[in-house]
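Please keep the sequence and the structure at hand while reading.

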Amino acid sequence: MTEQSYQHWRLERDEHDIAWLYADKANAGANTLSKAVLEELYDILSQFNEDRPQGLVILSAKASGFIAGADINEFTTLGGQKDAEDLIGRGQAVLDRLAALDMPTVALIHGFCLGGGMELALACRYRIADDDPKTKLGLPEVNLGIHPGFGGTVRLPPLVGAPAAMDMMLGGRSLSARAAQRMGLVDYAVPARHFKDAARATVLRPPARKQATGWKAWTNHKLVRPLLARYLEKQVAKRARKDHYPAPYALIELWKNHMDDPRRMMREEASSVARLVMGETAQSLVRVFFLQERMKSLGDKKEIEVKHVHVIGGGVMGGDIAAWCAMRGLHVTLQDRSHEALARVVKRAHDLYRKRLKQPRVIQAAMDRLMPDIQGVGVAKADVVIEAIFEDVDAKQALYKEIEPKLKKDAVLATNTSSIPLETLCKALSRPSRLVGLHFFNPVAKMQLVEIVKGTQTAEKAVKQAAAFCRHIERLPLPVKSAPGFLVNRVLMPYLLEAVTLEEEGVPATVIDKAALDFGMPMGPIELADTVGLDICLSVARILSQQLDMPVPGRLEQLVNAGHLGRKSGTGFYRYQNGKKLFSGEHKAYTPPADITDRMMMRFLNETVACLREGIVDEGDLLDGGVIFGTGFAPFRGGPMHYIRKTGRAQLRHRLETLETQHGARFRVDAGWDQADLF
Ligand code: NAI
């Protein structure tokens with residue numbers, strides 16, 4: 001056997017004269033296809049012209065996985081469309097060279113194989129994947145506002161047929177090894193112990209190459225494409241507007257127009273991605289990607305070793321927090337006074353695991369990790385204790401008095417309170433510095449953000465440990481000051497209340513919600529209020545209105561007094577049946593006041609500026625990340641602060657002044673707008 005090392009690759013030649021090429025990007029935990037990595041690959045592949053091996057197997061030397069994708073850092077340094085097109089064209093040329101090799105080529109995939117990494121695998125003749133839950137294959141480029149650019153759009157549809165290919169590229173979701181095998185994306189899904197044998201056998205006795213056949217092949221035919229394209233566009237339109245998210249539409253167009261001519265399609269693919277990547281949406285989504293990475297880095301897993309979590313309060317929040325932690329592999333004891341509450345949690349957890357984990361064995365293992373614990377014996381063994389009982393000072397304080405003597409010396413004690421100052425709660429503790437807030441959002445399984453609440457008494461160590469804990473359960477930590485509403489509820493509330501005021505003035509709820517959706521919010525504010533529960537909204541609004549200038553519309557109180565609590569009670573602003581919203585008219589003939597979007601969004605933005613000025617969050621970027629992951633604020637706008645900078649601070653400030661003149665003091669311009677250093 002011979003071995004040759006490069007900066008980012010390692011090449012071995014075995015006794016069968018098979019070349020084993022290991023991706024091993026220098027100074028990185030994961031492989032990405034940076035320019036340097038691709039250039040080196042090109043040189044290595046070029047050598048094979050003179051010294052031709054029996055076959056080539058490409059695999060990864062990293063434990064984390066195969067190749068995570070293109071190097072997203074390079075997206076931020078592009079000089080313009082031409083520059084982008086050159087970079088993409090170069091990547092295409094490298095993979096074209098791989099595809100043109102006159103020998104069996106195999107991608108041997110473990111862990112993640114995403115984006116450019118998946119495209120590299122597609123340029124091989126065969127793909128073999130490790131049949132392990134950690135294996136993830138996908139083309140998630142749409143999440144960054146682009147589509148595959150290294151030949152993926154050209155190679156995938158003929159391989160698996162258009163419906164599966166488009167679903168994979170438009171949805172951006174990743175597949176397990178087995179699902180990929182069923183779909184025809186990989187040739188074999190095999191256990192890791194057979195990995196290399198399978199690759200060797202494939203090179204030495206190459207099977208027929210996979211290709212879509214029958215009706216699947218027909219879906220790429222030029223007569224079928226326009227029809228299917230129209231259907232796909234309609235499906236995409238349900239999820240994303242073209243002016244907000246152009247990439248999926250560009251992808252459909254590319255496939256529809258050029259699938260018959262691969263050479264031309266390659267060129268068009270490159271120019272389409274170059275156009276998209278320089279556009280506002282992709283630039284914002286790339287920013288969101290980096291914000292997410294930044295938030296991940298706020299929690300260092302090494303700060304805490306967590307094996308056992310004890311959750312007290314098995315209601316809406318505590319139950320879901322417990323279920324989530326067990327799903328992420330921790331041992332969880334869940335304490336509640338009520339047997340019924342615990343039984344409900346177990347059922348909800350099972351539903352979640354069935355949906356997310358799928359395999360019965362894995363579901364059972366997660367269920368086994370979640371233990372109902374009515375006596376609360378788990379508290380003495382837990383590394384992290386999360387309190388999520390009723391929002392009541394006396395009840396929480398009484399509980400702390402009872403449990404504090406039982407806690408392990410270094411255990412983290414966290415509360416999920418939404419509104420009670422930590423400074424009040426900690427009075428019941430003999431070691432107040434250990435109390436920190438872990439403010440999860442409902443629904444826990446969907447909302448990535450967790451606010452880490454720092455009371456004035458909270459020890460820095462507790463904050464670090466709480467943030468680290470979030471990383472152990474794959475949530476995004478955001479340290480926030482212990483002030484009413486923290487960040488997320490504080491910025492959401494004025495926006496929700498303005499929507500309720502509009503409804504009170506006679507604007508139909510659907511019209512209000514549509515205005516917010518058109519701005520890019522994931523759900524209209526009226527429907528959001530109904531979903532959160534109008535009683536919860538009212539209680540948060542009352543607490544905030546005591547401290548901030550935030551009048552509570554009478555309409556909200558009226559509905560709550562009448563027992564209309566939103567989705568959970570069947571009636572709120574809308575009506576619901578079995579949790580589903582009933583149709584409430586389209587109001588096509590109705591002309592809404594011209595300023596409804598501004599009224600809602602300017603209150604939102606004004607409050608974010610206030611939060612930054614008050615130091616609720618340390619800096620603007622983290623605030624943007626928190627607001628995006630905590631409220632769903634239009635990701636393609638890159639976050640509220642980014643949006644203000646892009647639109648023009650002076651212009652938006654002026655808009656607020658006008659709204660104040662027209663609608664009153666709740667639009668008063670926050671002093672932060674005049675502090676240039678905040679922007
Ligand atoms: P919930 O009313 O659904 O559940 C509370 C649970 O705690 C009940 O099952 C009750 O039996 C149990 N409980 C009460 N006292 C107890 C005690 N001494 N020992 C053991 N169990 C006890 O309440 P929810 O909505 O889950 O809220 C819990 C906490 O989470 C509150 O502090 C709330 O402010 C906060 N929160 C709520 C959110 C929401 O959307 N509901 C969002 C974020 C935070």
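In this predicted model, helix α24, which spans residues 596-613, packs with helix α26, residues 640-647, at an angle of about 110 degrees, and the axes of the two helices are 10 Å apart. Since angles from 65 to 115 degrees count as roughly perpendicular, α24 and α26 are therefore described as roughly perpendicular to each other. The crossing in which α24 passes α26 is left-handed. On the α24 side the contact is formed by L605, T608, V609 and L612, while P640, M641, Y643 and I644 contribute from α26. By residue class, the contact of α24 with α26 holds 7 nonpolar residues and 1 polar residue, with no charged residue.

A second pair is made up of helix α2, residues 81-100, and helix α11, residues 262-278, which pack at an angle of about 140 degrees with their axes 8 Å apart. That angle makes α2 oblique to α11, and the crossing of α2 past α11 is right-handed. From α2, the residues Q81, A84, E85, I88, Q92 and D96 take part in the contact, and from α11 they are R263, M266, E269, A270, S271, V273, A274, R275, V277 and M278. The contact of α2 with α11 includes charged residues, for its members divide into 8 nonpolar, 3 polar and 5 charged.

| Helix pair | Angle | Distance between axes |
|---|---|---|
| α24 and α26 | about 110 degrees | 10 Å |
| α2 and α11 | about 140 degrees | 8 Å |

Turning to the ligand, which residues around the ligand come nearest? There are 21 residues around the ligand, and those that come nearest are M317, D336, E391, K396 and N416. For M317, a polar backbone atom is 2.8 Å from an oxygen atom of the ligand. In the case of D336, an N or O atom of the side chain is 2.7 Å from an oxygen atom of the ligand. The residue I389 also has a backbone N or O atom that lies 3.3 Å from an oxygen atom of the ligand.

Two details of the backbone remain, and each is found in a loop between strands. The peptide bond that runs from N442 to P443 is cis, with omega near -5 degrees, and P443 is located in the loop between β17 (435-439) and β18 (449-454). The residue D17, which is not a glycine, has a positive phi near 65 degrees, and D17 has its place in the loop between β2 (9-13) and β3 (18-23).

Technical notes: Residues numbered from 1 in each chain as written. Predicted model: local features only at pLDDT ≥ 70, side-chain atom pairs only at ≥ 80, totals over all residues. Heavy atoms only, no water. Axes fitted to C-alpha atoms, helices over the stretch in contact; angles between N-to-C directions. Helix = DSSP H or I, 4+ residues; strand = E, 2+ residues; numbered from the N terminus. Parallel < 35°, antiparallel > 145°, perpendicular 65-115°, else oblique. Left-handed = near helix turned anticlockwise from the far one by under 90°. Contact = heavy atoms within 4.5 Å. Nonpolar A, V, L, I, M, F, W, Y, C, P; charged D, E, K, R; others polar. Near = heavy atom within 4 Å. Polar contact = N/O pair within 3.5 Å; in protein donor to acceptor, adjacent residues only side chain to side chain.
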